[in-house]
Amino acid sequence: MNAEARVRYTRAMTAALSAPLDRITRRFIAEGYFPGALLRVEQHGAVLLESAWGDARTAETPRAPMTPETLFDAASLTKLFTATAVLRLVSTGALALDTRVGDLLELPPPLEAALHGIHITELLTHTSGIPWWYPFYTRRHEPFTGILQDVVPARPRRGEVVYSDLNFMILGLMIEQAMRKGLAAAMEELVLGPLGLRRTSFCPPLGAAAATESGNRIEKRMVSEMGLTFDGWRDDSRPIVGEPNDGNCFYYFKGAAGHAGIFASAGDLCRLGRLYLDGGRVDGKPWLAAGLAERATREQAPGRGLGFQLGQTFPPGACGHTGFTGTCLALFPDRGVAAAVLTNRLHVFEPRDITPYRMEVLHVLAAQTSVSHGGGGNAVS
């Protein structure tokens, strides 16, 4: 496709996407699913659409409108940054996909026995058998591995997919050990700097961020249901702005963890996605080992790539990840499309499941964008 044809195609796609996505988003805002939303859609790096609706923060006078510059608490989209850091370390030879947890982390004997043989691929694909969640902050003065020893069963059911924050907490600690520095500094060196993600950081965000919950009301209920207690909760009368919503990240890991804590712009999220759409290349140069980007976005276990999710929210042929705060990054590898679908869905009185919204948006993208031959390519070693 020559330059003139590409311009015509981009304009046609912008026109085709704008009306249905505007209609869908306004309907969900009117129905109270979220106060505001931001969508950015790119194809081979060309912006097809970037639109903002509603409010980023409603508890201010005047209200803060959602804009293309608004940053979001990415929540579990942090896992894609962590996966990318791990895959970069694999590409440089500092780690291997079969590196075991015990190869890097000092574990008490019972935990070492329970995690014996569990390796990076199992953590990335959520097949380690490690439980999905535990509020580590209820024991915030104890070491992570000591608490983990009480949480992980003596014989984890390896091989079954159990989506687990703990897998990526462990990966974050493994990155720190491999890099001999804290996770925020390691992430800057491994991912944010090389990919040119200038508006992405762990806390504090590098600009005005959308609000999330008023306090940790949801986790407070979860902790109570587990029969546990915690006396350090944030104020329920004030929305969280510029701090990670995730309790383990904020209270226990002090703002930087492998499973949560990243704040990012829509543009930076799409740029992260382009790394995988471009076969592991950055600005045309190989950055991930040959075939690793494709492997990450293909199914390695039911519904799971290496950090990526397939199926459920994502149409056939697409992959990505979602975040509890209302965030989503979706990739359509066959057409070179990256889409950041961002909302502040927790910034309401009663948060609701926004899977229907994400699915409607992504199915419009699947129907309207076409397979293109521009860009892409496989990385080489």
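Threonine 78 is found in helix α2, which spans residues 78-92. The model described here is a predicted one. In this model, threonine 78 has a relative accessibility of 0% and therefore counts as buried, the cut-off being under 20%. Leaving aside residues up to four places away in sequence, threonine 78 touches Phe202, Ala257, Gly258, His259, Ala260, Gly261 and Ile262.

Seven strands form an open sheet with antiparallel pairing, in the order β3-β2-β1-β11-β10-β9-β8. The edges are taken by β3 (64-65) and β8 (309-310); each has a single partner strand, so one side of each is left without a neighbour in the sheet. Helix α1, covering residues 3-30, packs on the sheet and touches β1 (36-43) and β2 (46-57). The direction of α1 makes about 20° with that of β2. Helix α13 (residues 355-368) also packs on the sheet, where it touches β1, β9, β10 and β11 (337-343). For α13, the direction makes about 25° with that of β10.

How many of the residues of β1 are buried? The strand is mostly covered, with eight of its eight residues buried. In a regular strand, side chains alternate between the two faces of the sheet. In β1, Gly36, Leu38, Arg40 and Glu42 point one way, while Ala37, Leu39, Val41 and Gln43 point the other way, and all are buried.

The pairings of β1 can be followed on each side. With β2, strand β1 pairs in the antiparallel sense over eight bridges, and valine 41 has leucine 49 in β2 as its bridge partner. These two strands form a hairpin with two residues between them. Within that turn, histidine 44 has a positive phi of about 50°. With β11, strand β1 pairs over seven bridges, again in the antiparallel sense; here leucine 38 stands opposite leucine 342 in β11. Further along the sheet, β9 (residues 319-323) and β10 (residues 327-332) are joined by five bridges in an antiparallel pairing, and histidine 321 stands opposite leucine 329 in β10.

Proline 194 and leucine 329 are 135 residues apart in sequence, and the distance between their C-alpha atoms is 20 Å. Proline 194 belongs to the loop between α8 (183-192) and α9. Is this proline buried, partly exposed or exposed? Its relative accessibility is 33%, so proline 194 counts as partly exposed. Its contacts, not counting residues up to four places away in sequence, are with Glu188, Glu189, Val282 and Trp287.

Aromatic residues provide another way into the structure. A search of the whole structure finds 17 aromatic pairs. In one of them, the rings of tyrosine 137 and tryptophan 233 have centres 5.6 Å apart and planes at 75°, so this pair is edge-to-face. Because tyrosine 137 lies in the loop between α5 (120-124) and α6 (144-151), and tryptophan 233 in the loop between α9 (217-225) and α10, the pair ties together parts that are 96 residues apart in sequence. Tyrosine 137 counts as buried because its relative accessibility is 0%. Elsewhere among the aromatic residues, Tyr134, Phe136, Phe144, Tyr252 and Phe253 form one cluster. Charge and ring also meet at arginine 234, which lies over the face of phenylalanine 250 at 3.8 Å from the ring centre. The charged end of arginine 234 sits over the ring of tyrosine 251 as well, 5.2 Å from its centre.

Asparagine 248 brings several of these names together. This residue lies in helix α10 (residues 247-252) and, with a relative accessibility of 0%, counts as buried. A polar atom of its side chain lies 2.8 Å from the backbone oxygen of tyrosine 134. Not counting residues up to four places away in sequence, asparagine 248 touches Trp133, Tyr134, Pro135, Phe136, Tyr137, Met169, Glu219, Phe253 and His259.

Key:
Residues are numbered from 1 along each chain as its sequence is written. This is a predicted model: local features need pLDDT of at least 70, side-chain atom pairs count only at pLDDT 80 or more; totals for chains, interfaces and linings use all residues. Side-chain values use heavy atoms; hydrogens and water are left out. Two strands pair if DSSP finds at least two bridges between them. Helices (H or I, at least four residues) and strands (E, at least two) are DSSP runs, numbered from the N terminus. Contact means heavy atoms within 4.5 Å. Axes are lines fitted to C-alpha atoms, for helices over the stretch in contact, and angles run from 0 to 180 degrees between N-to-C directions. Buried means under 20% relative accessible area, exposed over 50%, partly exposed in between (1.4 Å probe, protein chains only). A polar contact is a pair of N or O atoms within 3.5 Å; within protein, one must be able to donate a hydrogen and the other to accept it, and residues adjacent in sequence count only if both atoms are side-chain atoms. Rings of Phe, Tyr and Trp (its six-membered ring) pair if their centres lie within 6.5 Å; planes under 30 degrees apart count as stacked, over 60 as edge-to-face and the rest as tilted. A charge sits over a ring if NZ of Lys or CZ of Arg is within 6 Å of the ring centre and within 35 degrees of the ring normal.
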